[in-house]
Amino acid sequence: MARPRKFDENRVISAVMDTFWRHGYEATSTRDLSESTGLGPSSLYNSFGDKHTLYLRALAFYYERSTTRQVELLRGPGPAKERLRALMVQAIDLDLAPEGGDPDGCFALHAAMERASCDDAVRDEVRRTFATVEDALCATVAEGQAAGEIGSGRDARSLARHVLSTYYGLRVLSRVRDDREALLDVVDSTLAGL
């Protein structure tokens, strides 16, 4: 008879995600994963699969945890431009937070830069994340256009892609520039152009 699991699966995947996030896929060893989860290598791999499977599970966990939160913020109440601003400001604050923020930017963005060009499964998972955020941005922009808050001279999808590029650009920029006011200036300039 198999022994029952004595660990919290979400806690383990969260620890795996944080480890990959901090070190990257290639630099993360089995030992790193075992230490961060508190599980021995055989327990970890027997329960969750190999390193690649764990990485994909971590990306899916990030999607459920962070991407869902981003979409909820965009679907919330208030004027469209305020929701767009809130999304970008939240990212800046998470990325600049000394404690309790995201550990080095956006995990999906890290995966896109490190693995998406050589790993179809990672590329698909990252595309799912980016497409979900883009769709939510498009809906928010369209609402703003319908309310007269955002100009209707350009296609909502095109404007959403512009905001998406700014959003992910801010996530990269915040890794090397910890000047919140400069980052907020980018946000405000982007919104002024809508």
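I started with α5, residues 80–96: 17 residues, reaching 25 Å from first C-alpha to last, close to the 24 Å expected at 1.5 Å a residue (times one less than the number of residues). Helices here are DSSP runs of H or I, at least four residues, numbered from the N terminus.

It's a predicted model, so I kept in mind that local features need pLDDT of at least 70 and side-chain atom pairs 80 or more, while totals for chains, interfaces and linings use all residues. Numbering runs from 1 along each chain as its sequence is written, and side-chain values use heavy atoms, without hydrogens or water.

Next I looked up burial (under 20% relative accessible area, 1.4 Å probe, protein chains only). In α5, A80, R83, L84, L87, M88, V89, A91, I92 and D95 are buried. These pack against α4 (51–74), α7 (120–146), α8 (156–173) and α9 (180–192).

Then the α5 and α8 pair: about 15 degrees, axes 9 Å apart (lines fitted to C-alpha atoms over the stretch in contact, angles from 0 to 180 degrees between N-to-C directions). So I noted α5 and α8 as roughly parallel (under 35 degrees). L84, L87, M88, A91, I92 and D95 of α5 meet V163, T166, Y167, L170 and R171 of α8 (contact: heavy atoms within 4.5 Å).

Last, α4 and α6 (residues 107–114): I got about 140 degrees, with axes 9 Å apart. Y55, A58, L59 and Y62 of α4 touch F107, A108, A111 and E114 of α6.

Terms used:
Helix = DSSP H or I, 4+ residues; strand = E, 2+ residues; numbered from the N terminus. Buried < 20%, exposed > 50% of the residue type's maximum accessible area, 1.4 Å probe, protein only. Parallel < 35°, antiparallel > 145°, perpendicular 65-115°, else oblique.
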